[in-house]
Amino acid sequence: MIAQPYKLYVERTDTAKNLARFYAMSIEPTLFGEVRLTRRWGRIGARGQTMAHSFTREEEAVGLFLDLLRQKRKRGYQPRRSAAQY
């Protein structure tokens, strides 16, 4: 069973380069007792692509989750800003 929910949604935008991308991840249990890390990415406003990774242990899924988060932060992805911050 998953100890805590893992969900992430980050965006990377640059109007000068016409760049507007999102990246989303979540870790959830499957019906078969495994743990699944689901990733979605693409242009903001589009459906994007999806990839799922299955693991037998939650620690493995969390390890990949954190590695991917570090990679995205290095590339400039940030949490979405609310409308009040504009």
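1. A quick word on pockets before we start: on a 1 Å grid over the protein atoms alone, a pocket is an open set of points where a 1.4 Å probe fits, with protein on both sides within 12 Å along at least five of seven lines, and lining residues have an atom within 4 Å of a point. The largest pocket here holds about 230 Å³ of space, a volume being the space filled by probe spheres set on the points.

2. Keep in mind that this is a predicted model, where local features need pLDDT of at least 70, side-chain atom pairs count only at pLDDT 80 or more, and totals for chains, interfaces and linings use all residues. Numbering starts from 1 along each chain as its sequence is written, and side-chain values use heavy atoms, leaving out hydrogens and water.

3. Who lines that pocket? There are 12 lining residues, with E11, R12, T13, Q78 and R81 nearest the centre. Strand β1 gives the largest share, four residues; strands are DSSP E runs of at least two residues, numbered from the N terminus.

4. E11 sits in β1 (residues 6–14). It counts as buried because its relative accessibility is 16%, and buried means under 20% with a 1.4 Å probe, protein chains only. Its side chain makes a polar contact with that of Y9 (2.9 Å), that is, N or O atoms within 3.5 Å, one able to donate a hydrogen and the other to accept it.

5. As for the sheet, five strands run in the order β4-β3-β2-β1-β5, open and antiparallel. β4 (49–55) and β5 (78–79) are at the edges with a single partner strand each, so one side of each has no neighbour in the sheet. Pairing takes at least two DSSP bridges; β1 and β2 (residues 19–29) have nine.

Conventions
Buried means under 20% relative accessible area, exposed over 50%, partly exposed in between (1.4 Å probe, protein chains only).
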